[in-house]
There are 2 protein chains.
Amino acid sequence: MRLSTKGRYAVTAMLDLALNGKTGPVTLAEISENQGISLSYLEQLFAALRSKDLVRGVRGPGGGYYLGKSADEISIANIICAVDEWVEFTRCGGRQNCSGGARCLTHTLWDDLSTEIFNFLADISLGDLVRRNLNKKEEEDDSLSIVPQSSSQAA
Amino acid sequence: MRLSTKGRYAVTAMLDLALNGKTGPVTLAEISENQGISLSYLEQLFAALRSKDLVRGVRGPGGGYYLGKSADEISIANIICAVDEWVEFTRCGGRQNCSGGARCLTHTLWDDLSTEIFNFLADISLGDLVRRNLNKKEEEDDSLSIVPQSSSQAA
DNA sequence: TAAATACCGACTGAATTACTGGGTTATAAC
DNA sequence: GTTATAACCCAGTAATTCAGTCGGTATTTA
């Protein structure tokens with residue numbers, strides 16, 4: 001798994017789309033403005049997202065982008081994989097022709113971990129993120145807290 | 001959170017160290033040979049790991065590296081953070097002076113997700129990985145399966 | 001017809017990756 | 001003590017990726 005700033009941009013843009021796309025299509029210009037990402041870079045990202053059917057573009061005036069499926073059907077892993085490309089983790093590519101036994105054991109361990117990370121991100125959908133935040137916001141509104149939530153940083 | 005190939009190299013090297021360091025110190029030359037990582041690059045990685053007390057170097061002939069603490073006390077997040085540096089996720093840096101409300105909401109969502117990923121990786125230790133693999137190997141030996149485990153890839 | 005938008009591709013500076021090569025210490029073995 | 005072995009340190013660097021600019025074309029609405 002690869003989790004770079006590029007993936008972050010893509011997730012951020014998709015979140016923006018999920019949040020603002022309820023009423024109609026969202027233009028890349030709007031997302032660019034909202035999130036501080038250059039328009040042309042967004043175009044590159046959305047070309048990748050579109051090829052994986054995660055978004056759907058509508059041309060012409062009043063056009064823009066819709067989510068390609070419902071927010072609940074789009075996982076974070078989907079988004080990251082779309083823009084970051086799925087790289088081969090181990091150099092031996094699954095073939096057990098590594099020099100030593102230690103090498104391939106390590107590679108297997110890493111491969112298992114990568115799969116776990118992937119599954120973790122595959123279990124979180126765009127819809128989840130949006131709902132979780134709304135719930136959280138209600139709780140905060142109840143207590144009328146002014147203190148930011150940065151105190152909950154752990155480990 | 002940032003999960004790049006650099007972090008992968010570091011985790012791989014630490015795994016190698018955990019596996020082979022039972023009897024004595026492991027040299028970078030050995031890890032380089034085992035894992036196919038250049039010696040000087042390993043030196044860079046281990047300089048970072050050492051500064052975080054994740055490894056302990058012993059100079060001179062017969063020297064090499066030990067784990068800085070027990071494998072159970074070293075999390076994957078520790079390793080990745082040591083070499084990849086902890087980058088600021090949001091551009092607004094926590095300050096709520098973003099242009100629009102949508103921007104900061106998206107940033108909050110991304111920030112929460114990042115924290116979750118971090119906590120996930122902070123919960124997995126080197127020791128966990130090694131033990132899990134040993135368990136798995138026993139299971140495989142029981143069924144004498146030839147089929148690789150790549151069929152469990154999900155979406 | 002004109003404007004707005006997605007769509008497309010080539011190019012580019014900056015950063016990062018992964019590596020090379022030149023050292024200098026510390027220490028164990030001889 | 002000398003020497004070999006290792007960690008340690010630092011400067012440079014080709015290749016790649018990141019994030020962006022620029023200049024277009026295609027489609028659709030007004």
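Predicted model: local features only at pLDDT ≥ 70, side-chain atom pairs only at ≥ 80, totals over all residues.
I began with one arginine: Arg131(A) has a relative accessibility of 41%, so I noted it as partly exposed.

**Entry 1: the partner of Arg131(A)**

I looked for what Arg131(A) pairs with, and found a salt bridge to Asp128(A), with the closest N and O atoms 3.1 Å apart. Both residues sit in helix α6 of chain A, which covers residues 126-143. They are three residues apart there, about one turn of the helix. I checked Asp128(A) as well: with 21% relative accessibility it is partly exposed, because buried means under 20%.

I jotted down a reminder for myself: side chains of opposite charge can pair when their charged atoms come close.

**Entry 2: how many in total?**

How many salt bridges are there over all chains? My search of the whole structure gave six. I followed some of them up below.

**Entry 3: a pair between chains**

Next I opened the salt bridge of Glu116(B) with Arg132(A), where the closest N and O atoms are 2.6 Å apart. This pair crosses between chains: Glu116(B) belongs to helix α5 (residues 101-122) of chain B, and Arg132(A) to helix α6 of chain A. I wanted to know how open the two ends are. Glu116(B) is partly exposed at 26% relative accessibility, and Arg132(A) is partly exposed too, with a relative accessible area of 36%.

**Entry 4: over to chain B**

In chain B I found Arg131(B) and Asp72(B) joined by a salt bridge, 3.0 Å from N to O. Arg131(B) is in helix α6 (residues 126-143), while Asp72(B) is in the loop between β2 (64-67) and α4 (76-84), so this pair ties together parts that lie 59 residues apart in sequence. I recorded a relative accessible area of 41% for Arg131(B), which makes it partly exposed. Asp72(B) is likewise partly exposed, at 47%.

Then I turned back to chain A, where salt bridges with shared partners link Asp72(A), Asp128(A) and Arg131(A) into one network.

**Entry 5: helix α4(B)**

Is α4(B) enclosed or open? I counted eight of its nine residues as buried, so the helix is largely enclosed by the rest of the structure. Among the buried ones are Ile76(B), Ile79(B), Ile80(B), Cys81(B) and Val83(B). Asp84(B) is on that list as well.

**Entry 6: around DNA strand D**

My last stop was DNA strand D, with 27 residues around it. Which of them come nearest? I wrote down Thr5(A), Ser40(A), Gln44(A), Arg59(A) and Tyr65(B).

I sorted the residues of this surface by type and got eight nonpolar, 11 polar and eight charged. Elements of both chains take part: α1 (5-20) and α3 (39-51) of chain A, and α3 (39-51), β1 (55-58) and β2 of chain B, each supply at least two residues.

What part of the strand does the protein meet? Of the atoms of DNA strand D within 4 Å of the protein, 68% belong to sugar or phosphate, and the rest to bases. I looked at some single contacts too. An N or O atom in the side chain of Gln44(A) is 2.7 Å from a base oxygen. A polar backbone atom of Pro61(B) is 3.4 Å from a base oxygen. For Tyr65(B), an N or O atom of the side chain is 2.4 Å from a phosphate oxygen.

Note on methods: Residues numbered from 1 in each chain as written. Chains lettered and ligands numbered in written order. Heavy atoms only, no water. Salt bridge = Lys/Arg side-chain N within 4 Å of Asp/Glu carboxyl O. Helix = DSSP H or I, 4+ residues; strand = E, 2+ residues; numbered from the N terminus. Buried < 20%, exposed > 50% of the residue type's maximum accessible area, 1.4 Å probe, protein only. Near = heavy atom within 4 Å. Polar contact = N/O pair within 3.5 Å; in protein donor to acceptor, adjacent residues only side chain to side chain. Nonpolar A, V, L, I, M, F, W, Y, C, P; charged D, E, K, R; others polar.
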